[in-house]
Amino acid sequence: MNKLITLVFFQLLSASGYAQIDTTILVSKTQEYINHYINNDFDLMADMNHPNIISLGGGTELVSKDLSEDKKTLEGFGIKFINGKPGLPGNVIDNNNELLCFIPQIYRVELGGKQYDSTSFLLASSSTKGENWSFVSLDRFDAKSIGQFIPNYSDELTWPEVEPMVPVSIEEK
């Protein structure tokens, strides 16, 4: 009986759209992406964007320019980026041999002399079974429009909610 339950469990698991992969590379690549942003390495960051975003965005030079302009706009509002780190990846789904998941990027920022943690999300994509990842910042997309740019996007992924900035206590600095 236990063997039957185990067999049914694994069949259900494999039948679901969720991929069982090691997310170590995803977290590492997300950290690399975040570091490029912090260090204003927009050309390197643009290269890490999803191929469709690069293609539809006019190439890596224009994507790089957009990333730079977006950061300059935020800095114009007085936001200073201190550092950043990835959060825990969400469920990974496999849709037409493209792995997809949302992963938070948590930036420590300074605004008005106070520090905050600001969380935004990336759609991570891999067509290499998780060996390499590309990204789409969700800043310019919503659940309805993302599919126009990323055809394998699936509503199976739960769209992440925008989170307010969280003040950092003195102990956390």
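Me: In S5, which residue is the bridge partner of Leu122?

Reply: The partner of Leu122 is Ser137 in S5. This is a predicted model, in which local features need pLDDT of at least 70 and side-chain atom pairs count only at pLDDT 80 or more, whereas totals for chains, interfaces and linings use all residues. Residues are numbered from 1 along each chain as its sequence is written, and side-chain values use heavy atoms, with hydrogens and water left out. Strand S4 (residues 114-126) and S5 run antiparallel and are joined by 4 bridges; two strands pair if DSSP finds at least two bridges between them.

Me: In which order do the elements of the protein chain run from the N terminus on?

Reply: The order is α-α-α-α-α-β-β-β-β-β-α-β, which comprises 6 helices and 6 strands. Helices (H or I, at least four residues) and strands (E, at least two) are DSSP runs, numbered from the N terminus.

Me: Why is S4 described as largely enclosed by the rest of the structure?

Reply: The description rests on burial, where buried means under 20% relative accessible area, exposed over 50%, and partly exposed in between (1.4 Å probe, protein chains only). Because 11 of the 13 residues of S4 are buried, the strand is largely enclosed by the rest of the structure. Across the protein chain, buried residues make up 40% of the 173 residues.

Me: Which way do the residues of strand S5 point?

Reply: In a regular strand the side chains alternate between the two faces of the sheet. In S5 (residues 134-137), Ser134 and Val136 point one way while Phe135 and Ser137 point the other way, and all of them are buried.

Me: Which residues touch the most other members of the largest nonpolar core?

Reply: In soluble globular proteins, nonpolar side chains tend to be buried together. A nonpolar core is a set of buried Ala, Val, Leu, Ile, Met, Phe, Trp, Tyr and Cys residues joined through side-chain atoms within 4.5 Å. The largest one has 24 residues, of which Leu26, Phe81, Tyr107, Ala124, Trp133 and Phe135 touch the most other members. Two or more residues of this core come from each of helix H2 (24-38), helix H3 (42-47), helix H5 (60-76), strand S3 (98-111) and S4. Another core, of 13 residues, lies apart from it and includes Leu100, Phe102, Leu123 and Leu157.

Me: With which residues is Leu26 in contact, leaving aside its neighbours within four places in sequence?

Reply: Contact means heavy atoms within 4.5 Å, and on that basis Leu26 is in contact with Pro89, Cys101, Ile103, Ala124, Trp133 and Phe135. For Ile38, which lies in helix H2 and is buried with a relative accessible area of 19%, the residues touched beyond four places in sequence are Lys71, Phe81, Ile82, Asn83, Gly84 and Tyr107. The C-alpha atoms of Ile38 and Gly84 are separated by 7.4 Å, although these residues are 46 residues apart along the chain.

Me: How many aromatic pairs does a search of the whole structure find?

Reply: The search finds 9 aromatic pairs. Among them is that of Tyr37 and Phe42, which is edge-to-face, with 6.2 Å centre to centre and 80° between the planes. Rings of Phe, Tyr and Trp (its six-membered ring) pair if their centres lie within 6.5 Å, and planes under 30 degrees apart count as stacked, over 60 as edge-to-face and the rest as tilted. Tyr37 is buried at a relative accessible area of 9%, and Phe42 is also buried, at 9%. Tyr37, Phe42, Phe81 and Tyr107 form one aromatic cluster. The charged end of Lys71 sits over the ring of Tyr37, 4.9 Å from its centre; the criterion is that NZ of Lys or CZ of Arg is within 6 Å of the ring centre and within 35 degrees of the ring normal.
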